[in-house]
Amino acid sequence: MASQNRPPQTRQLTKPKFDKLSDVKPGIHGYNTYVKIEEIKKEQIKRYDGSTLIVAEGLAGDETGVIRFRVVGEYANQLEKGKSYAWRNGLSEVVQERHRLSLDQFGRITPEKDDLVVVNQNGKKYSDIEYVRKEPRPNTNRRENRDNRDNRDNRDNRDNRDNRDNRDNRDNRENRDNRDNRGQRRPQGNRGNRGGNQKRD
């Protein structure tokens with residue numbers, strides 16, 4: 001009864017953490033950052049169903065440097081040059097070996113005060129860095145495990161074959177013994193002496 005009268009517990013929301021562009025590494029998804037739009041170019045793409053899609057591409061930055069971006073959809077139409085924005089749940093991707101900011105399906109962009117971000121044009125140009133995809137190293141352990149498994153299977157097959165051969169040999173020996181026993185007949189008396197011994201002439 002006491003638990004029913006207890007007030008429901010409310011979960012306290014925590015403030016999202018916003019990173020600098022220097023902390024947004026390639027392949028990191030779900031980041032939050034503040035940027036100011038330095039360059040922007042918008043384009044309308046016509047879909048197969050006849051509708052149009054807005055695509056915005058350009059250059060954004062903060063006090064650590066600048067980076068290229070690409071936004072598709074409703075947020076692309078809201079971006080303007082010289083404005084500051086909060087980039088939430090962003091997508092960090094590498095396209096043609098270049099780092100670029102984008103949004104996933106759960107990301108959003110909200111306008112902020114224009115003086116919130118000061119762009120350092122002499123800072124690092126993150127999209128000028130060329131990234132090379134690393135080739136996956138061969139998993140030698142997997143190959144060794146496969147070889148060991150093959151050897152174990154071969155050993156098991158050999159053991160099964162040996163057991164089967166031993167069983168066949170035992171069966172053959174038993175069959176031969178039974179055949180030998182069947183070939184032996186018990187000694188019988190003289191058939192001419194039926195009814196007891198008879199006197200010879």
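**Notebook: aromatic pairs and their surroundings**

Entry 1. I started with Lys-17, which counts as exposed because its relative accessibility is 64%. My scale: buried is under 20% relative accessible area, exposed is over 50%, and partly exposed is in between, with a 1.4 Å probe and protein chains only. Lys-17 sits in the loop between H1 and E1. I then looked for Thr-33. Lys-17 and Thr-33 are 16 residues apart in sequence. In space, their C-alpha atoms are 8.2 Å apart.

Entry 2. A note on the source: this is a predicted model, where local features need pLDDT of at least 70 and side-chain atom pairs count only at pLDDT 80 or more, while totals for chains, interfaces and linings use all residues. Residues are numbered from 1 along each chain as its sequence is written, and side-chain values use heavy atoms, leaving out hydrogens and water.

Entry 3. I listed the elements next. The protein has two helices and six strands. They are DSSP runs numbered from the N terminus (helices: H or I, at least four residues; strands: E, at least two). Starting at the N terminus, the order is α-β-β-β-β-β-β-α. I also checked burial in the protein. Of its 201 residues, 24% count as buried.

Entry 4. How many aromatic pairs does a search of the whole structure find? I found two. Rings of Phe, Tyr and Trp (its six-membered ring) pair if their centres lie within 6.5 Å; planes under 30 degrees apart are stacked, over 60 edge-to-face, the rest tilted. Phe-18 and Tyr-34 are a stacked pair, because their ring centres are 4.1 Å apart and their planes are at 10°. This pair links distant parts of the chain, 16 residues apart. Phe-18 is in the loop between helix H1 (2–5) and strand E1 (29–46), and Tyr-34 is in strand E1.

Entry 5. I turned to Phe-69 and Trp-87. Their rings form an edge-to-face pair, 5.9 Å from centre to centre, with 70° between the planes. Phe-69 belongs to strand E3 (residues 65–72) and Trp-87 to strand E4 (residues 84–95), so the pair ties together parts that are 18 residues apart in sequence. I checked burial again. Phe-69 is buried, at a relative accessible area of 1%. Trp-87 is buried too, at 0%.

Entry 6. Which residues does Trp-87 touch, leaving aside neighbours within four places in sequence? Contact means heavy atoms within 4.5 Å. The list for Trp-87 includes Phe-18, Tyr-31, Val-35, Phe-69, Leu-101, Arg-108 and Ile-109. I looked at contacts in the whole protein as well. Among those between residues at least 6 apart in sequence, 61% join residues at least 24 apart.

Entry 7. I looked up the largest nonpolar core, which has 20 residues. Such a core is a set of buried Ala, Val, Leu, Ile, Met, Phe, Trp, Tyr and Cys residues joined through side-chain atoms within 4.5 Å. Phe-69 and Trp-87 are among the residues with the most contacts inside this core, and so are Val-71, Leu-79, Leu-101 and Ile-109. Elements giving two or more residues to this core are E1, strand E2 (52–62), E3, E4 and strand E5 (98–112).

Entry 8. I ended with another lysine, Lys-113. Lys-113 lies in the loop between E5 and strand E6 (124–125). At 66% relative accessibility, Lys-113 counts as exposed. Tyr-85 is 28 residues from Lys-113 in sequence, and 7.9 Å away in space, C-alpha to C-alpha.
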